[in-house]
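Hi,

Here is the model I said I'd pass on. Have a look, and my notes follow below.

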Amino acid sequence: MTWTQEEAALEDGWVRWRHDFHRYPETGFNEQRTARQVAQVLQALGLEVHGGIGGTGVVASLTVGQGAGVIGLRADMDALALAEAAPGRAWASQHAGCMHACGHDGHMAMLLGAAQLLARRRDFDGTVRFIFQPAEEHGRGASAMLADGLLERFPMDEIYGLHNIPGMPAGHIATRAGGIMASEDNFAIRITGRGGHAARPHMAVDPLVIGAEIVLALQTIVARALDPQQPAVVSCTEFITDGIRNAIPTEVLIKGDTRSYAPEVQALLQARMRALCEGIAGAHGAQCSVEYTHEFAPTVNWPQCVDVAVRAAQAVVGADRVDAATPPMMISEDFGRFLQAIPGAFVFLGNGAGTEAGSVPLHNARYDFNDQILPVGARYFAELARTRLPRLAA
Ligand SMILES: [Zn+2]
Ligand SMILES: [Zn+2]
């Protein structure tokens, strides 16, 4: 895709949109103002816009020609409950204790930019749906849109998304077929023993010692029960007792987090955890319950859609800036829910590395989306439509 001067002039507008989103961040399912702004831009472009999907979600459609193909392009809208620490930033957050520390402000501006490019050029054949999703950070927004009939009301063949990545050179694009981001599950293990005098342990059933044994035993799941070729993490993050200085506790609560890719690995982590906890507690005469909840689905890219994504990325940034076989990351992303329902692909877009702007980590109070990559993301999204829904030569 050649980049006309006229299109390059649109970039200033994209930066203004991004800064406006950054100034007025809203957390998951509270994105009212954000959704209004998004809808306003899309309406001004002449698109058919629907709001209130899955809470504050917005969907707009653009149909060109007679083609039956439909693809979805998705951006996330929510910010974090985090106080921004960026003295002197002209577009700093005006909402105390809330900031766009994950760059969703940039994701929205890029997708709006793509809508603008496609609405002007109209050089594809089919329908493109622009999906603005609430509440990515909670891992609840994609499910809410799906539960609200997203795919029935706005049918799509495929869906595409991206996330900016500090630590990756600005404007580079990376993806892979198969698992690209992990699932996240949380667990809470409650061990009930019998409290007693610290000096008379034989009269008690000490849940703390049992809990310590469980924490160590959980580390054998990945090390001893899982195929070493399969990635997974089990982390205990909290250990809470009701004991005091000189009293053995009655209750211990161990909380934590697991990450993995394959559903069968997820099931194995859960089953082994339950067996170890019940076995160890039972051997010591204590009671034990395990609560295991699925927070984020793994993001598993469909190979045929990765092909489309790679071709579009190469057309925009050149083959030398595209990595089609990047290693997976153990972070989690709500986009995985969509990929459980329909084919699609997710890519990482470099936000800046080393001394480049945009290298401050995600979820850091000093983080900022790198405006220099706005045109890359906007053009990538637009190029997906041209690649997947090509206009046949007359
Ligand atoms: Zn985030
Ligand atoms: Zn994010």
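Now the housekeeping. This is a predicted model, so local features need pLDDT of at least 70 and side-chain atom pairs count only at pLDDT 80 or more, while totals for chains, interfaces and linings use all residues. Residues are numbered from 1 along each chain as its sequence is written, chains are lettered from A and ligands numbered from 1 in the order in which they are written, and side-chain values use heavy atoms, with hydrogens and water left out.

**The zinc pair**

Donors here are N, O and S atoms within 2.8 Å of the metal (3.2 Å for Na, K and Ca), and water is not among the atoms, so sites may look incomplete.

The zinc ion (ligand 2) is held by C102 (SG), H104 (NE2) and H163 (NE2), at 2.1 to 2.3 Å, with the spacing C-x1-H-x58-H along the chain. C102 bridges the two zinc ions, which lie 3.2 Å apart. C102 is buried at 6% relative accessibility and H104 is buried at 0%, whereas H363 is partly exposed at 40%.

**Two domains**

The domain assignment (bounds from an automatic or database source) gives domain 1 (5–182 + 298–388) and domain 2 (183–296). Their centres, taken over C-alpha atoms, are 38 Å apart. In contact terms (heavy atoms within 4.5 Å), 19 residues of domain 1 meet 12 residues of domain 2. About 1000 Å² is buried between the domains, 59% of it from carbon and sulfur atoms; buried area is the accessible area (1.4 Å probe) that two parts lose on being put together, summed over both. P298, M330 and S332 supply 48% of the area that domain 1 buries against domain 2, more than any other three residues.

**Salt bridges**

The structure holds 16 salt bridges, each being a side-chain nitrogen of Lys or Arg within 4 Å of a carboxyl oxygen of Asp or Glu. The rule finds 1 across the domain interface.

Back to R18: its side chain meets D368 at 2.8 Å, N to O, and D368 is buried too. D371 also forms a salt bridge with R18, again with the closest N and O atoms 2.8 Å apart. D371 lies in the loop between strand 16 and helix 11 and R18 in helix 2, so the pair ties together parts that are 353 residues apart in sequence. (Helices, H or I and at least four residues, and strands, E and at least two, are DSSP runs numbered from the N terminus.)

E333 and R74 form another salt bridge, at 2.8 Å between the closest N and O atoms. E333 is buried at 2% relative accessibility, and R74 is buried at 1%. Finally, salt bridges that share partners join R18, E84, R89, D105, D368 and D371 into one network.

Cheers

Terms used: Buried means under 20% relative accessible area, exposed over 50%, partly exposed in between (1.4 Å probe, protein chains only).
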